[in-house]
Amino acid sequence: MRRTINLRKGLNLNLQGALSDESIKKELSPASVALVPDDFPGFLPKLEVKEGDSVNAGQPLLHDKNDTDMKLVSPVSGVVESVVRGARRKIMRVVVRPDASAGTSVVHDTASAKTPQGLRELLKKSGLWAMMRRRPYDIVPQDADEPRDIFVTAMDTAPLAPALDRMVSGRQDEIKAALAALKSLTKGNIYIGVEKGAAFPDFSDAEIVEFPALHPAGNVGVQIANIKPVNKGEVVWTLDIVTLVRIGSLLLNGVVDSSTCVAVTGSEVASPCMVKTVIGADMATLLKGDVRTDGRHHRVISGNVLTGVPVGEEGYLRYPYRQVTVIPEGDDADEFMGWASLSPKKMSVNRSFLGHFLSRAFNPDARLNGGKRAMIMSGEYDKVFPMDILPEYLIKAIISKDIDQMEALGIYEVAPEDFALAEYVDPSKLELQKIVREGLDYLRSEV
């Protein structure tokens, strides 16, 4: 079954540094890999290894304090190089140095996955459970969850993002196996969101829903809101098509596939390209020889410019492990009139700037261009927010910690990424994604 949903609200940012070819240009073996517990909200990490331990690919590095069966596993065989801690001994990351002689991949017994409970246990042991999310709260699914429906996104409309459906081309067997298994975990439907016109095959265990290539249509939250919204008391699970393929590969082969295809993009990348590497790869290896040597300060982002995490050239590839963006930092810029310049090189959604009327690709830097100010009820959020929610009023309710208003205004439907585009156009320059994350965490602790 296939249907199409048309959206009118949204905004595509036309940036320099896009991929010209989405075929794999090179394969890289990282010098080190890292798992960052903060990438898995709702997961309370506890170590299962110590520095100097040898580990196999797929061997647990961490487990959840509330559910010891839920693991985060090593993407490679090697040696635990370091456990980096922050304030109050919080685990910031676990770094593993690959060593081909250290061992082989952990092989799981998939026979038990024929029952729903057995499948849950397999997914948790393999680390793939933590790569899914649940609404409400946008956290790792809980063991007691009985999802009303499961939503899979097979499109990414974020700036400079790769085409997700092409990343899993030819993996129909894995998709079919994963869909059949996940179908046993829900009494509802499995929906796959794809780009309108994409050559994505039909599957008997899922409904295919087409969306226009207008950001943020690729966000699974937007797809849920336009297919079947989440009401209070309901739980749905979400994942991307790459995670779905990993689940299928585990069921067919018994081994977790930790490889990943990464789009290395951005205006400061000499030749944007697709690279095949490993989950959590170090940026130094991933970007070696690709970043322009133009003397400018660079911001290296794991992810896209709207929702990604600045990690620097000494950082690591972060979840969901499929894109890196390099743009100018901007702290070394020297231009006449600064942010008030009317230069046509300035990218803006405001008609006061000449760049608003130009269709060419722009090269913005990471500057905020002005300080924070009082919240302005301008209606700008609504222009780029394709969900039946009043975003400005929801943000005000979150800031004031008014739980009744938060629930009435639809907080159970949203995740921080749904507000990324609104944050970009916000004249108040509020950190909307941070506000929403804090609101979801507060609601979860109180309700």
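For sorting residues into classes, Ala, Val, Leu, Ile, Met, Phe, Trp, Tyr, Cys and Pro count as nonpolar, Asp, Glu, Lys and Arg as charged, and the others, Gly among them, as polar. This is a predicted model, where local features need pLDDT of at least 70 and side-chain atom pairs count only at pLDDT 80 or more, while totals for chains, interfaces and linings use all residues. Residues are numbered from 1 along each chain as its sequence is written, and side-chain values use heavy atoms, with hydrogens and water left out.

A search of the whole structure turns up two cavities of 30 Å³ or more. On a 1 Å grid over the protein atoms alone, a cavity is a set of points where a 1.4 Å probe fits but cannot get out, and lining residues have an atom within 4 Å of a point. A volume is the space filled by probe spheres set on the points, which are joined across faces, edges and corners.

The largest cavity has a volume of about 100 Å³. Its lining has nine nonpolar, three polar and no charged residues, including Leu35, Phe40, Ser126 and Tyr321. The second largest cavity holds about 40 Å³, and its lining divides into six nonpolar, five polar and no charged residues; among them are Leu15, Gln16 and Asn363.

Now find Glu22, in the loop between strand S1 (2-4) and strand S2 (24-27); strands are DSSP runs (E, at least two residues), numbered from the N terminus. Glu22 touches Pro162, Ala163, Arg166 and Met274, not counting residues up to four places away in sequence, where contact means heavy atoms within 4.5 Å.

How values were computed. Helix = DSSP H or I, 4+ residues; strand = E, 2+ residues; numbered from the N terminus. 1 Å grid on protein atoms, 1.4 Å probe; cavity = no way out; pocket = protein on both sides within 12 Å on 5 of 7 lines; lining within 4 Å.
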